[in-house]
Amino acid sequence: MTATLPQVASAAAGPAPHLREDLLTPRFYTTEIAKAASTDLAGQRAEFEAMLAEMEADYNRDHFDRKVPLDRLRALSAQEKEAYESYLVRSCVSEFSGFLLFKELSRRLFKASRPELGRLFQLMARDEARHAGFLNRALVAEGIEIDLPSLSGKRPITWFPLSWVLYSVFLSEKIGYWRYILIDRHLKAHPQNSVAPLFDFFEPWCQDENRHGDIFNMLIRCWPDLRQGLRGRLLSRFFLWSVFLTHSLTVCERDSFYTLLGIDPARFDEEVMRQTNRTARRAFPYVFSFESSHYVELRDKLVDTFRQIQALSAQPAGATRLLQSLGLKLRFGALLLRQFCQPMLATGVQFEVNA
Ligand SMILES: [Fe+2]
Ligand SMILES: [Fe+2]
């Protein structure tokens, strides 16, 4: 499958390559809808009803005010402006990707005569549409227009089994929550670094992501087999590791954005991973043990090697570059394997009774 470059253009200054096509670019997903429609809510009925009521209450109905001015950017250098815009573009695409997945699930669940589940996904799609729309408005204020509907038509859609979607979306929502809340807390303590009015909206925004994560935790509970035995162990390990790795490399690539906010990128990444790993104890049968392992130390080595690979790719091609690149890639692969195999802790959730 060939990946096509998305339609991201700056109205003011021609094409703006703020969204490169690589493994770290947010993707669009679909899943086993018929299986999702067979979700048995019996053991989770009370929690399901409570969450549906909370989503219907729509606490953030008036939060994403369409009239609020988003164009009050402080005087930024061209490099800082690009760091901010690149953050907006990727965040906007990733919120829109959540919207598409939830909308499709909602539509098909209604069709499969599961109106209560369809409604829950419809309400989550509502939130993600607001988030993407809000980020899109901030981009328009910067003179950048992304054609989101055509973007989704041009990019490949990745198919995931339902179990993968449940594990990975739970983590994406919770890591999203921690990212937004940690940026919010930092900027409240250091208001001089708040370069854009967009950041004033992060606190209630992150509560949406937190609720979505809790909904996915409830959905995981509806499939008790997903947390049992080797399957539960592998799903926990693979998704925690891959989501954390993507986060570390994305933060490394975007370090100028965090520096702009006065945040140390490596410490931010570590705190986001630690908090998300702690939150995952309530949902996954296993989580990483950061305290008694080399996980973070390996993260530092991986990020360092990743930087070297990127720097090398800017050098002129030749036999030396080829050899150096091979050496670095082998080192990167070995580090990935070591990090993947770091010790984990059992959380005990697999022994909870679903009733
Ligand atoms: Fe969102
Ligand atoms: Fe969300």
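Is serine 113 buried or exposed? Serine 113 is exposed, because 9 other C-beta atoms lie within 10 Å, and a residue counts as exposed at 12 or fewer. This report returns to that residue below. The model is predicted.

## Overall make-up

The protein has 12 helices and 7 strands. It holds 355 residues, and 36% of them are buried.

Sequence separation is another way to look at the protein. Take the contacts between residues at least 6 apart in sequence. Of these, 80% join residues at least 24 apart.

## Helix α7

Helix α7 covers residues 202-221. It has 20 residues. From its first C-alpha to its last it reaches 29 Å. That is close to the 28 Å expected at 1.5 Å a residue.

How many of the 20 residues of α7 are buried? The count is 14, so α7 is largely enclosed by the rest of the structure.

## How α4 meets α7

Helix α4 runs over residues 115-141. It packs against α7 at an angle of about 150 degrees. The two axes are 11 Å apart. The angle makes α4 roughly antiparallel to α7, because angles over 145 degrees count that way. The crossing of α4 past α7 is left-handed.

Which residues make the contact? From α4 come Leu120, Met124, Asp127 and His131. From α7 come Trp205, Asp208, His212 and Ile215. By type, the residues of this contact divide into 4 nonpolar, 2 polar and 2 charged.

An α-helix has 3.6 residues a turn, so residues three or four places apart point the same way.

Most residues other than glycine have a negative phi. Two residues here have a positive one, as follows.

Aspartate 58 is not a glycine, yet its phi is positive, about 50 degrees. Where is aspartate 58 found? It sits in the loop between α2 (45-57) and α3 (78-111). Aspartate 58 has 13 C-beta neighbours inside 10 Å, so it counts as partly exposed.

Serine 113 also has a positive phi, near 60 degrees, and is a residue other than glycine. Its place is in the loop between α3 and α4. As the opening said, serine 113 is exposed.

Methods. Residues are numbered from 1 along each chain as its sequence is written. Chains are lettered from A and ligands numbered from 1 in the order in which they are written. This is a predicted model: local features need pLDDT of at least 70, side-chain atom pairs count only at pLDDT 80 or more; totals for chains, interfaces and linings use all residues. Helices (H or I, at least four residues) and strands (E, at least two) are DSSP runs, numbered from the N terminus. Two residues are in contact if their C-beta atoms, placed from the backbone, lie within 7 Å. Axes are lines fitted to C-alpha atoms, for helices over the stretch in contact, and angles run from 0 to 180 degrees between N-to-C directions. Angles under 35 degrees count as roughly parallel, over 145 as roughly antiparallel, 65 to 115 as roughly perpendicular and the rest as oblique. A crossing is left-handed if the near helix is turned anticlockwise from the far one by less than a right angle, and right-handed if clockwise. Ala, Val, Leu, Ile, Met, Phe, Trp, Tyr, Cys and Pro count as nonpolar, Asp, Glu, Lys and Arg as charged, and the others, Gly among them, as polar. The expected span of a helix is 1.5 Å times one less than its number of residues.
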